[in-house]
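Thanks, everyone, for making time for this.

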Amino acid sequence: MKPLINPRKILIITSYVLLFFSLIVSSIGIWGLKPLLSSRIKEAILTSTNGLYQIDFKDIQYSPITGNAEIRVVTWKADSMLFDKLRNEKKLPDNVFKCEIEKIKLTGLKPWTIIFSKKLSISTISVENPFIEILHEKHAYNNSNKAKTPYQAISRFVESFSVDKINLENISLTYTNLSKSQRTKSSRIARLDLEVSNLLIDSLSHKDTARFYYSKQCIVRLEKFEFPSADSLNTFRLNTLEFSSENRTLTVQKLTLQPHYKPFEYGNRTNGNDRIAVVCEAIKVSNIDLEKLLDEKKIYAKELSIDKGRLNVFSDERPFIRPAKINYRLYPHQAFAQLNLKFNIQKISLQQINITFSQYNPETRLTGYLYFNNIKGKLLNVTNDTLPLQQNPTCEAYLSTRFMKKNLVNLVFNFNLKDPKGAFGCRGQVAAMPLSDLNQVTNALAKAKVDSGILDSFSFNLQGDKYGLRGPVTFLYHDLKVSLMKEQEKTKVMKIKKLLSFVANKSVLKRSNPLRNKPVKTVVVNFQRNPQKGFFSTFWNALLEGIKGTVM
């Protein structure tokens with residue numbers, strides 16, 4: 001997934017607009033010639049953008065004594081006729097902007113510095129309620145065109161451009177992807193604030209490694225942001241996001257993935273794909289490598305932490321008409337490996353994560369639930385970038401949780417992020433618990449109610465890939481007794497069958513493992529995956545095969 005909006009482009013475009021205003025206001029505003037000032041600004045914009053953009057505004061006020069200026073009701077848009085002409089001539093840029101601004105305030109303008117030193121210095125620039133629309137369409141011919149640096153763009157006017165503080169408040173931003181390779185889709189940001197400190201553009205500032213896009217400090221605050229998933233069946237939302245270039249941190253409050261449809265309708269629209277809903281209350285990315293971010297557009301960081309989250313997975317087992325061609329759904333680590341945006345995060349820390357896995361059984365018309373509460377742990381070497389993968393392709397996960405909200409479970413995963421088949425391994429141990437705690441699963445999925453029985457321990461060591469899972473499962477228990485259920489033909493209600501249960505307990509089900517004077521029974525699972533089912537469904541059904549093989 002590519003970054004939604006390139007912050008460098010936004011900052012550069014903003015800098016150009018503000019520079020043009022500041023330069024011309026400072027140069028000729030001293031005479032208070034508004035008509036001339038207006039025509040000069042419009043002419044400068046047309047010239048600098050090769051005629052593509054036009055600018056208009058309602059009023060300009062400037063005081064050479066105080067050095068303050070104010071520009072009201074600004075509009076910036078592309079010339080529609082030239083837009084089509086540049087497209088036909090294969091000269092149209094990949095991003096075309098439209099901008100509307102209520103007010104721009106500038107303080108501390110010093111026109112004499114331009115006259116005597118060719119340097120433009122401003123104390124503050126405040127931009128109120130800007131609306132920005134970006135139309136993106138990737139053009140192959142732009143790959144060989146090297147864009148001008150900000151200094152190359154301003155050097156014809158001044159030798160340097162500096163601003164102590166820039167504030168863009170309450171930005172409304174819409175981004176629409178028109179590329180033919182992707183479905184047309186729009187993303188929008190309801191509110192974005194940008195604060196830039198100590199901006200300097202001159203012949204040397206681009207070499208200053210302490211600067212982020214020519215500034216000493218850049219803070220981006222984002223509120224109420226949402227964008228659709230690639231399949232348009234889900235929406236990603238976040239409440240707030242803040243990035244600080246000085247602290248090299250990114251924080252997100254309440255990130256959600258919300259499906260558009262209820263479980264059964266979602267299954268109807270996707271031929272039974274798992275429905276996944278996610279809520280992450282707090283996310284923090286620390287020690288971001290700004291050089292990688294700026295130069296290579298890659299996210300390298302020391303740690304990403306997620307505190308308080310929920311993951312709900314619904315697996316629909318109704319029969320669906322599947323396409324003739326078998327396409328295996330990607331596991332999460334496979335999807336991550338194929339992202340266009342490259343990551344290299346040394347450690348992901350998890351705290352207070354809850355997972356609910358539910359599966360619908362059309363035979364019983366019931367849904368069984370598995371709960372994993374208060375998950376905590378860490379993932380190491382989370383990367384999808386080429387060089388780190390060559391050095392170490394394995395991501396390791398060490399997790400602990402409370403199964404069914406009660407007993408302790410320890411899990412260790414290893415994912416081969418480079419393997420085309422999505423190879424992974426998992427070993428785990430489940431502590432002792434009453435088997436009756438599983439009734440909300442067994443009633444729906446196994447048509448059985450556990451009357452008594454104690455799980456002594458449950459362990460497994462599985463190796464898997466996109467085709468399935470294999471490995472030993474050891475399920476130790478004693479005093480198992482169950483009641484089997486069957487659907488009533490007339491009422492379609494599941495009821496306990498006493499005779500069937502008696503026969504099962506006496507001759508079919510094994511009361512304990514190990515049985516008296518018998519060795520422990522370990523089942524070697526060889527589970528073949530349903531290509532349309534996801535990771536959680538596949539993993540659970542492989543474990544269930546091992547449990548069934550033990551008790552029967």
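Glu-242 comes out as partly exposed in this predicted model, because its relative accessibility is 33%, which lies between the 20% limit for buried and the 50% limit for exposed. Its side chain meets that of Arg-221 in a salt bridge, at 3.3 Å from N to O. This pair links distant parts of the chain, since Arg-221 sits in strand β8, residues 215-228, while Glu-242 sits in strand β9, residues 234-244, and the two are 21 residues apart. Arg-221 likewise counts as partly exposed, with a relative accessibility of 31%. If you follow the shared partners, Arg-221 and Glu-242 are joined with Lys-165 and Glu-195 into one network of salt bridges.

In one of them, the side chains of Lys-447 and Glu-363 meet at 3.2 Å, N to O. Lys-447 is partly exposed, because its relative accessibility is 29%.

The other is formed by Asp-193 and Arg-191, whose closest N and O atoms are 3.4 Å apart. Asp-193 counts as buried, because its relative accessibility is 14%, whereas Arg-191 is partly exposed at 36%.

Now to the cysteines. A search of the whole structure finds zero disulfides. Are Cys-99 and Cys-395 buried or exposed? Cys-99 is buried, with a relative accessible area of 15%, and Cys-395 is buried as well, with a value of 5%.

Let me finish with Ile-276, which has its place in strand β11, residues 275-288. Ile-276 counts as partly exposed, because its relative accessibility is 27%. Leaving aside residues up to four places away in sequence, Ile-276 touches Asn-234, Leu-257 and Pro-259, and also Leu-311, Asn-312 and Val-313. Ser-315, for its part, is 39 residues from Ile-276 in sequence, yet the C-alpha atoms of the two are 9.0 Å apart in space.

Note on methods:
Residues are numbered from 1 along each chain as its sequence is written. This is a predicted model: local features need pLDDT of at least 70, side-chain atom pairs count only at pLDDT 80 or more; totals for chains, interfaces and linings use all residues. Side-chain values use heavy atoms; hydrogens and water are left out. Helices (H or I, at least four residues) and strands (E, at least two) are DSSP runs, numbered from the N terminus. Buried means under 20% relative accessible area, exposed over 50%, partly exposed in between (1.4 Å probe, protein chains only). Contact means heavy atoms within 4.5 Å. A disulfide is a pair of cysteine sulfur atoms within 2.5 Å. A salt bridge is a side-chain nitrogen of Lys or Arg within 4 Å of a carboxyl oxygen of Asp or Glu.
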